[in-house]
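Work through the exercises below with the sequence and the structure at hand. Each task is followed by a solution in steps.

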Amino acid sequence: MNKIVLITGATAGFGEACARKFAASGYDVIITGRRLDRLERLTEELKAQYSVDVLPLRFDVRSRDAVLNAINELPDQWKRIDVLINNAGLAAGKDDFDKASLDDWDAMVDTNIKGFAYIAQSVAQLMIPRKKGHIINLGSVAAKQVYAQGNMYCATKHAVEALSQAMRIDLLPYHIKVTAVHPGAANTEFSTVRFKGDRIAADKVYDGMIPLVAADVAETIFYCTTLPDHVCINDLVITCTQQADCFYYDRK
Ligand code: NDP
Ligand code: 8X3
């Protein structure tokens, strides 16, 4: 029987790369996101290329009802989730605290904290009876530091850090592993989303350096799942070689 991974935000970036990596390694894959066309395309690709089962689920993690319906109504054979990659998230805008859009703040809080927590709790409830499972939460270097104009995004990622610690403590009796993965700058759709389609602003983020790509992060996440049952990586920061942290870059 194949292991099962559930990946939120699998229509782009890290989530999509994780779907490919885990499917290539023989996992059956539950992929989620809002963009149905991408979910359908990826489903066909994974099934054809890797001969694994794929279950695409379209929902918005900001909707509590949608999350609970999707997870509670999983067909029985898909409830045996071994790994959750709790990845769906975004930065919206990059503005001074006093000028930032409240809609942007709501989108980040609702997605990166509330949606993230709804997913983690509902999947943890499926893992608990089996006393087995691995939750991988996508934080960021912005979970460790706060940078100018990062205000609410950094706050949401600090919340991911706090909630990862909280899950690790409260899920300890069930031997559920909780790993927080904190990437630095990675060239995905992230910056295009943050700057609302402004490609010049988005590309500037990666000026003069070779940033991470989604496959780098997927490889690292997958590695965390390959360790023996008694070993858990709790917290992992990964940056490209030209980035030290939120502040120090060596741009050429
Ligand atoms: P992308 O923008 O490439 O992908 C984001 C994914 O999240 C998409 O699949 C999107 O799917 C999904 N998503 C966003 N909002 C929602 C929502 N409300 N409901 C359901 N799905 C949603 O970004 P990345 O892959 O780069 O980012 C993934 C995670 O990693 C995020 O949490 C991000 O904060 C974090 N991160 C990113 C870094 C980077 O530099 N790229 C660095 C550090 C952390 P859809 O639009 O179809 O719903
Ligand atoms: C994404 C990386 O540095 O733009 O979380 O916040 S950063």
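**Exercise 1.** Find which helix gives the most residues to the shell around ligand 1.

Solution. Step 1: helices are DSSP runs of H or I with at least four residues, strands are runs of E with at least two, and both are numbered from the N terminus. A residue is near a molecule if its C-beta atom, placed from the backbone, lies within 6 Å of it. This is a predicted model, in which local features need pLDDT of at least 70 and side-chain atom pairs count only at pLDDT 80 or more, while totals for chains, interfaces and linings use all residues. Residues are numbered from 1 along each chain as its sequence is written, and chains are lettered from A and ligands numbered from 1 in the order in which they are written.

Step 2: helix 1 (13–24), helix 4 (102–127) and helix 6 (190–194) each supply at least two shell residues. Step 3: helix 1 gives the most, with 3 residues.

**Exercise 2.** State which of the 28 residues around ligand 1 come nearest.

Solution. The nearest are Gly9, Gly13, Arg34, Gly89 and Phe190.

**Exercise 3.** Decide where the buried residues of helix 8 lie around its axis.

Solution. Step 1: a residue is buried if 20 or more other C-beta atoms, placed from the backbone, lie within 10 Å of its own. Step 2: in helix 8 (residues 214–224), Ala214, Val217, Ala218, Ile221 and Phe222 are buried. Step 3: seen down the helix axis, the directions to the C-beta atoms of these buried residues fall within an arc of 135°, so they line one face of helix 8.

**Exercise 4.** Give the share of the 252 residues that count as buried.

Solution. In the protein, 42% of the 252 residues count as buried.

Notes:
A residue is buried if 20 or more other C-beta atoms lie within 10 Å of its own, exposed if 12 or fewer, and partly exposed in between; C-beta atoms are placed from the backbone.
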